[in-house]
Amino acid sequence: MTSAVKIANEPNRVLPREIFPKENLLHHELNFTRRKISKNEILFSQGEQANGFYIVETGSIRSYRTSGSGEKQHTFKIYHPGNWVGIRDAAIGGNFLHHAVALVESTVLFVEEEELRRLLNSDSEFQNSVFRQVTIEAVESENKIYSLGTRQVHAKLSEFLLQLSESQDSEEDLPFTREIMASMIGVTTETLVRALADFKSRGWVEIDKRKIVIKNEEALLRLLD
């Protein structure tokens with residue numbers, strides 16, 4: 001299966017360090033191709049050969065799987081600038097295990113499998129970075145399974161909002177719909193809307209169209225106890 005992403009006609013470049021402002025992961029040269037993708041454009045599809053991985057430069061990317069009938073989508077993660085998309089699948093040399101789509105107009109840096117292998121075999125710092133990224137994904141998946149299986153709706157929503165506030169500016173518009181948010185925490189859209197309305201009535205959050213701003217972080221944290 002061929003990716004729907006169009007490759008920009010730009011030469012490979014050295015990865016700018018500022019793309020990792022929080023972690024400063026890479027201190028070496030990394031060859032990549034910059035790709036610009038439109039809102040709702042598919043980055044890659046489940047079952048497609050993982051012939052490399054992506055680093056989000058601008059915008060937001062959503063990963064998800066579909067039900068057997070293809071009617072229902074289950075969102076796994078929203079990737080923001082600096083996040084690596086598809087690194088696990090590319091590292092093991094298999095196929096992508098989920099779909100990835102741009103929530104807004106985005107720019108990604110594509111690192112081919114050959115470049116990935118070269119760095120894995122020659123750069124110990126890069127090896128540690130990949131190990132750390134894969135470990136983070138595994139921990140996040142485990143925590144999500146626990147949350148979906150044991151926590152009530154308000155706790156799930158609280159956890160999601162707190163994690164979201166850490167990953168992006170709280171004043172930015174949400175790059176996804178209520179339906180996507182509901183699929184991420186494992187509830188129906190109607191249940192999510194009721195829980196958000198309850199949070200708003202208590203003064204814990206402020207909701208304005210596509211913005212959700214946390215007003216009482218301590219109250220949300222108490223729901224996680």
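Helix H2 (residues 113-122) has four buried residues, Glu115, Leu116, Leu119 and Leu120; buried here means under 20% relative accessible area, exposed means over 50%, and partly exposed is in between, using a 1.4 Å probe and protein chains only. Those four cover an arc of only 135 degrees around the axis, so they sit on the same side of H2. Keep in mind that this is a predicted model: local features need pLDDT of at least 70, side-chain atom pairs count only at pLDDT 80 or more, and totals for chains, interfaces and linings use all residues. Residues are numbered from 1 along each chain as its sequence is written, and side-chain values use heavy atoms, with hydrogens and water left out.

**Helix H2**
- The arc is taken from the directions from the helix axis to the C-beta atoms.
- An α-helix has 3.6 residues a turn, so residues three or four places apart point the same way.
- Turn to the face away from the buried side of H2 and you find the exposed residues Glu114, Asn121 and Ser122.

**The open sheet**
- Four strands line up in the order S2-S7-S4-S5 as an open sheet, with antiparallel pairing; two strands pair if DSSP finds at least two bridges between them.
- Strand S2 (42-44) and strand S5 (73-79) are the edge strands, each pairing on one side only.
- On average, neighbouring strands of this sheet are turned by 30 degrees against each other, direction ignored.
- S2 and strand S7 (residues 99-102) pair in the antiparallel sense over two bridges, and phenylalanine 44 stands opposite alanine 100 in S7.

**Helix H5**
- H5 packs on the sheet, where it touches strand S4 (61-66) and S5; contact means heavy atoms within 4.5 Å.
- The direction of H5 makes about 95 degrees with that of S5; axes are lines fitted to C-alpha atoms, for helices over the stretch in contact, and angles run from 0 to 180 degrees between N-to-C directions.
- Six of the eight residues of H5 (residues 178-185) are buried, so the helix is largely enclosed by the rest of the structure.
- The buried residues are Ile180, Met181, Ala182, Ser183, Met184 and Ile185.
- Just after H5, glycine 186 takes a positive phi of about 75 degrees.

**Whole protein**
- The protein has seven helices and ten strands; these are DSSP runs numbered from the N terminus, helices being H or I with at least four residues and strands E with at least two.
- Of its 225 residues, 44% count as buried.
- Among contacts between residues at least 6 apart in sequence, 71% join residues at least 24 apart.
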